[in-house]
Amino acid sequence: MLTAIEVISAALGHPAHIFPYGWVRDANWDGVYARAIFAALALIGVWFVLAAVLPGRSRIVPLHGRDPSLMMGVSRRGLKRSVAAAAEGAPGVSGVSRVRLGRRRVRVVAKTPVREPTGLDAEITRAVRERLDRLDPLPARSVAVRMKHREA
């Protein structure tokens, strides 16, 4: 809008001088600082173009259904909650502190009041694996479980 006012008023012979461009005329455009600023602006522009062109991480995890003509999916948060519920359902687990959903792996950090949780991680892995097999997300994910001892 301001540019249009400047251009039209200058074309009519009475420049509006809304933008104080006197310093622009006197600036050294071949200087090191000007070139550094132009290079930084060019890099920011390239970054914005790449952000617009390259795909981001999907918020929906596709599920493999029995009917190939039907497309289903679950949100990443929903899949994390489902995995956490399956892990909390395992015996000896007092809670789940973190579920990380990677492209090929699900990492679960479970809390237990048991001091020697021998075999407990295998039970949690089995419970989470059963839940993932029932949902059947694409691509298939492996399960990694880490135990943290917490007093109840």
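**Salt bridges and a pocket in a predicted model**

Author: The side chains of Asp-133 and Arg-129 meet in a salt bridge, 3.3 Å from N to O. The model is predicted.

Reader: In which helix do Asp-133 and Arg-129 both lie?

Author: Asp-133 and Arg-129 are 4 residues apart. That spacing is about one turn of the helix. Both lie in helix α5.

Reader: Is Asp-133 buried, exposed or partly exposed?

Author: Buried means under 20% relative accessible area, and exposed means over 50%. Asp-133 has a relative accessible area of 49%. Asp-133 is therefore partly exposed.

Reader: How many salt bridges does the structure hold?

Author: One of them joins Asp-133 and Arg-129. Arg-126 also forms one with Glu-123. The structure holds 4.

Reader: How far apart are the closest N and O atoms of Arg-126 and Glu-130?

Author: A salt bridge needs a side-chain nitrogen of Lys or Arg within 4 Å of a carboxyl oxygen of Asp or Glu. Arg-126 and Glu-130 are 4 residues apart in helix α5, so about one helical turn separates them. They form a salt bridge, with the closest N and O atoms at 2.7 Å.

Reader: Which residues are linked with Arg-126 in a network of salt bridges?

Author: Arg-126 pairs with Glu-123, with the closest N and O atoms 3.0 Å apart. Those two lie 3 residues apart in helix α5 (residues 120-135). Arg-126 also pairs with Glu-130. The residues linked with Arg-126 in the network are Glu-123 and Glu-130.

Reader: Which strand gives the most to the lining of the largest pocket?

Author: The largest pocket holds about 190 Å³ of space. Its lining includes Ile-60, Val-61 and Pro-62. The top contributor gives 3 residues and spans residues 60-63. This is strand β1.

Reader: How many charged residues are in the lining of the largest pocket?

Author: Among the lining residues are Arg-57, Arg-76, Arg-103 and Arg-141. Arg counts as charged. The lining also has 6 nonpolar and 2 polar residues. The charged residues number 4.

Reader: Which side chain of opposite charge is nearest to Arg-76?

Author: Arg-76 lines the largest pocket and is found in helix α4 (residues 76-88). Arg-76 is buried yet has no salt bridge. Leaving aside neighbours within four places in sequence, its contacts are Arg-57, Ser-58, Arg-59, Val-61 and Leu-101. The nearest side chain of opposite charge is 15 Å away, and belongs to Asp-136.

Notes:
Residues are numbered from 1 along each chain as its sequence is written. This is a predicted model: local features need pLDDT of at least 70, side-chain atom pairs count only at pLDDT 80 or more; totals for chains, interfaces and linings use all residues. Side-chain values use heavy atoms; hydrogens and water are left out. On a 1 Å grid over the protein atoms alone, a cavity is a set of points where a 1.4 Å probe fits but cannot get out, and a pocket is an open set with protein on both sides within 12 Å along at least five of seven lines; lining residues have an atom within 4 Å of a point. Grid points are joined across faces, edges and corners, and a volume is the space filled by probe spheres set on the points. Buried means under 20% relative accessible area, exposed over 50%, partly exposed in between (1.4 Å probe, protein chains only). Lys and Arg count as positive and Asp and Glu as negative; His and the chain ends are not counted. Contact means heavy atoms within 4.5 Å.
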